[in-house]
Amino acid sequence: MNCERYDDVLDDYVDGARAASRPADVRLAAFEAHLPGCLRCQALVADFSSIRRTAADLDEMIPPPRLWAKIAASIDADAQMPWWRRTFGDAFSAWVPVAAAAALVLLVAGVAWFSTTGRAVPPQVASTTPAVTAVTPAEQNYEEAIAGLQQLADAQKPSIDPMTLAVLQKNLAVVDRAISESRAALMNEPASAVAQESLLDALDTKVALLQDTVALGAESVDQ
Amino acid sequence: MVTTADLELAERCRAGDADAFEELYRQHARRLFGLVFRMTGSAEDAEDLLQEVFLQVHRKLSGFRGESTLGTWLYRLAMNHCLDHLRGKQAKMSRSTESLDREEAAEPIAHEPVVPSAISRMDLERAIATLPEGCKAAFLLHDVEGFEHNEVAEILGVSEGTSKSQVHKARLKLRAILSQ
């Protein structure tokens, strides 16, 4: 007898399903009709039911009381951890200076490219626009974020390894030059979306570098 | 179905309420500890894993959108963590549907009851410990923790049919072990 075709409904039956309460389930009804004449299925139902009853009644396991204290401590430690380390793990720490340097190379290359292409723009474009550009809301937000982060970074500097700090400051100087150059390009071409984007990218890079400076300082204090 | 209490507790946790997070821990720690202990077979591993799980829960609560109950969401995180740990440790466990569906040689089925009607809980614990991780996970969630197959499927990231076939496989293996 090929009882395997009933295996899934056999488990449903063991779990308490009955055709009377599931009239649409024709396979369950067929299994219930099959069961009285099948020793194999009767044996499985009996044994599975016994296993299921005991499984539901297994002893509760109580975690050691110290576990909550360990979890609470790890959450506190996590809150002190820099966001990028929480997100990317310890292995990311070693790559921060490399990533910052790579971002700067791209940024400087981008600014140089924009400066080159900017010279190709006909001079009458500049002459028809105001000499002084208004600060955009996005730029204003970046400036405010940078001012706040700069204060935090200044406070963290004594905690940072001098060599790391030197790299960060060098990178910040490069970014500041990129910001100045982007602003100069915008003065010449206030309507240029590319120049505006270049400035915002440079500001974004400066925010990231300052965040890294703050994070590295906090990490050094933790250690 | 997610409850208002779940959403409120998650919201309090997200807002940084330390008491709320401890409440969340107290509500679920025992069941999760039992599950992880039975999956790993080690109280020490279970303790370490649960610590990591609750740290992940704390970090990821902002991602809890209430599509499932908080309990199901916690079990999914715990089970993923547990299976990752076992996979890394034993390099033989895969959570993929393919591995869970892997067919093994059929064992002969006795045509009369072979398991005592009153199984000793200790014997069952020992038998569960020998199950392969895939069917052990489904069995623990369904028969021990009492989740429905649709919930087991959601926790393990498999189909409902796979959950059913894994529980069936586990019961068959346990029957064979307990008959010896």
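Analyst: In this predicted model, α7(B) and α9(B) pack with their axes 8 Å apart, at an angle of about 95°. Axes here are lines fitted to C-alpha atoms, for helices over the stretch in contact, and angles run from 0 to 180 degrees between N-to-C directions. α7(B) is therefore roughly perpendicular to α9(B), a term that covers 65 to 115 degrees. From α7(B), the contact takes B:Gly134, B:Cys135, B:Lys136, B:Ala138, B:Phe139, B:His142 and B:Asp143; from α9(B), it takes B:Ser163, B:Gln166, B:Val167, B:Lys169, B:Ala170 and B:Lys173. Two residues are in contact if their C-beta atoms, placed from the backbone, lie within 7 Å. Five of the residues in this helix contact are nonpolar, four polar and four charged.

B:Ala138 is also among the residues with the most contacts inside the largest nonpolar core, which has 64 residues. Such a core is a set of buried Ala, Val, Leu, Ile, Met, Phe, Trp, Tyr and Cys residues joined through C-beta atoms within 7 Å, where buried means that 20 or more other C-beta atoms lie within 10 Å of a residue's own. α2(B) gives this core its largest share, 10 residues.

Both helices of the pair, α7 (133-144) and α9 (160-178), also each supply at least two residues of the side of chain B that touches chain A. That contact takes 35 residues from chain B and 32 residues from chain A.

Residues are numbered from 1 along each chain as its sequence is written, and chains are lettered from A in the order in which they are written. Because the model is predicted, local features need pLDDT of at least 70, and side-chain atom pairs count only at pLDDT 80 or more, whereas totals for chains, interfaces and linings use all residues.

Definitions and conventions: Helix = DSSP H or I, 4+ residues; strand = E, 2+ residues; numbered from the N terminus. Buried ≥ 20, exposed ≤ 12 C-beta atoms within 10 Å, placed from the backbone. Parallel < 35°, antiparallel > 145°, perpendicular 65-115°, else oblique. Nonpolar A, V, L, I, M, F, W, Y, C, P; charged D, E, K, R; others polar.
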